[in-house]
Amino acid sequence: MAKRLLQGNQAIALAAVKAGLNFFAGYPITPASEILHELVNQKTIKVLQMEDEIASINTIIGASLAGAKSMTATSGPGFSLMQESIGHAHMMEVPLVIVNVQRVGPSTGMPTFPAQGDILQCKYGSHGDYFPIVFYPNSVAELYEFTFKAFNAAEESLSPVIILSDSYVGHLYETIEEADYPISKRTLAPLGTSNRHFTGLTHEGSIPETSDPEAHKKLMNHFKAKQKTVSGKYNSYEYIENKSSDTLLIAYGALSRAAYDLKENFAIYRPVRIFPIVEKLRDIAKKYKEIVVMEMNAGQYVNEVEGLLHRQVKRIPIMGGNIDLNEISTKLRRIKKKK
Amino acid sequence: MTKELTYLNYLKQDRLPHQWCPGCGNGIILKLSCLAMEKLNFPKKGTVMVSGIGCSGRSAGFFDLDSVHTAHGRALPVAEGIKLANEELNVMVISGDGDLFGIGGNHLLHASRRNTDITVICISNAIYGMTGGQCSPATEISSKTLTTPRGNVDTPVNVQAIVTAHNCFYARSTTYHFNHAMKCIFEALQHKGFSFVEIKSQCITNDGRRRGFKNSYEMLMSYKEDYKINNNTNALEHNEIGIIK
């Protein structure tokens, strides 16, 4: 199999094309623009540069309903703009892939520096209840592989699937094998073949149902069940056991690469499917006295981990886009001392 | 013998009557759209209706076609995505002035610039009817609404200028001028490229009654008084209706 030196963002673009991408709409934004740049040179797909991220996501919603496998890519500010329509796509059951290459926020923040500040936004950013599937790979090879998985999960769950990345992994160059992964076929019939009505209103089939609480409960249960079934096929995580340590260190994305350097002293757990949270973590965590989540935000995923484990979890926030092993070690020592 | 109302085939008749207020203009525009599609023999499979949010946003669900009820203001990019993904489809948008000029104004600017081959029918009642009658981007100066109790001070959006600036099809009509409005939609549907039909329409419940109209008939008659057809111009005056290609 051909080996190739690829950038993280480029790997997403090339994998998407292999996974059957037909339609891409996006808006320039650092550090995600390379995905758009790579795709405009692909002859087999339609690419649109839109007026903003709201237009981008809505255009791919239309394109996906019309039968095209569709994707958009952005960073935090654009991802925030897309939130309303992400909820809308969940409500209308539209398969989409959304890439968010994170940078330091809030607001314009530090556009070229990596961060992991959009973790909770993935799950809670839109209003109302919805149940997204979110992957967060930590290498170029994994970005390539999980782009296929994201497209498959989107088709299987008929919902938007999010690939999280960060400006570190997104701009990283690594040599990877351009492997072929299985591709899930589209099951949703394209627009123009029937008389269905796709609506963001609570609905029963094609009929809007805005005053029946039971209809809404039924719809939510359907979404939840769908997410559980499909995400069950992608229980992706990495676990490096350490029998001599009583501490489990949890990290993901760019920061998990730094965590590898600490595997002599700590057990490491790295979720790749970050939402819905992989339940296997419950069994793994039982073996350790202390659980520490380190992440490049003020403490986001740690709350999800606590919610799963029902026990106190320590947090190490790494802020400002700089990954410094000394800082991490100092903070870990401090946690150890407090015990 | 009564004539069979074949245009009704374009509607989901089990969903009729529609839920709009008595006297609303939306039903007239639903009928106009069906008649125009029928005249052009649009196949039901192969035609897609898209709408935004608001009273007018509920239009799409009544058509016996595949239809999409988008988020507020986003009917145009969704319609563009549909058309560009499958250029064989006839793609129509029915939405309101608040949706298309207000929250979705940026998309109107760019959809017309891209000249995407879709037809937009704007039910322009110059009011946010569904939310109770607030001032809209199409509300006339000095008009009293829920949010402009002393009269609106802002200039309404000049949508004709936006659409024609990009050399796209623009037509204006009213719900009173039934045959003229029908002609506008009919021609818009045949236009290759972006076409925009603005139909002035009455909302008695949340607009007219606040402005002193007794019923929607009076509002319709005011369109008869206020608007004159001009078939020979490059730019319609404020009180004119017509087609600019």
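A residue is buried if 20 or more other C-beta atoms lie within 10 Å of its own, exposed if 12 or fewer, and partly exposed in between, with C-beta atoms placed from the backbone. The model is predicted: local features need pLDDT of at least 70, side-chain atom pairs count only at pLDDT 80 or more, and totals for chains, interfaces and linings use all residues. Residues are numbered from 1 along each chain as its sequence is written, and chains are lettered from A in the order in which they are written.

**Stop 1: helix α4 of chain A**

Select residues 76–92 of chain A, which form helix α4. Helices (H or I, at least four residues) and strands (E, at least two) are DSSP runs, numbered from the N terminus. α4(A) has 17 residues and spans 24 Å from first C-alpha to last, close to the 24 Å expected at 1.5 Å a residue. That expected span is 1.5 Å times one less than the number of residues. Now centre on Q83(A), where α4(A) has a kink of about 50°. The bend at a residue is the angle between axes fitted to the seven residues ending there and the seven starting there. Because 13 of its 17 residues are buried, α4(A) is largely enclosed by the rest of the structure. Step past the end of the helix to E93(A), whose phi is positive, near 60°.

**Stop 2: strand β2 and A25**

Select A25(A), in strand β2 (residues 23–26) of chain A. A25(A) has 28 other C-beta atoms within 10 Å, so A25(A) is buried. Two residues are in contact if their C-beta atoms, placed from the backbone, lie within 7 Å. Leaving aside neighbours within four places in sequence, the contacts of A25(A) include L48(A), M50(A), S56(A) and T72(A).

**Stop 3**

Go to D52(A), in the loop between β3 and α3 of chain A. D52(A) counts as partly exposed, because 16 C-beta neighbours lie inside 10 Å. Not counting residues up to four places away in sequence, D52(A) touches Y27(A), L81(A) and N106(B).

Next, show both sides of the contact between the chains: 34 residues from chain A and 29 residues from chain B. On the chain A side, β3 (46–49), α3 (53–65), α4 and β9 (197–199) each give two or more residues. α3(A) gives the most, with 9 residues. The chain A side divides into 15 nonpolar, 14 polar and 5 charged residues. Here Ala, Val, Leu, Ile, Met, Phe, Trp, Tyr, Cys and Pro count as nonpolar, Asp, Glu, Lys and Arg as charged, and the others, Gly among them, as polar.

**Stop 4: the core**

Select L249(A), V50(B) and I82(B), which touch the most other members of the largest nonpolar core, a set of 167 residues. Helix α6 (residues 140–157) of chain A gives the most to this core, with 9 residues. A nonpolar core is a set of buried Ala, Val, Leu, Ile, Met, Phe, Trp, Tyr and Cys residues joined through C-beta atoms within 7 Å. Zoom in on I82(B), whose contacts include G62(A), L65(A), L191(A) and V50(B), leaving aside neighbours within four places in sequence.

**Stop 5: the two domains of chain A**

Colour domain 1 (3–233) and domain 2 (238–338) of chain A. Domain bounds come from an automatic or database domain assignment. Their centres, taken over C-alpha atoms, are separated by 27 Å. Across the boundary, 26 residues of domain 1 are in contact with 19 residues of domain 2. α5(A) gives the most to the domain 1 side, with 4 residues.
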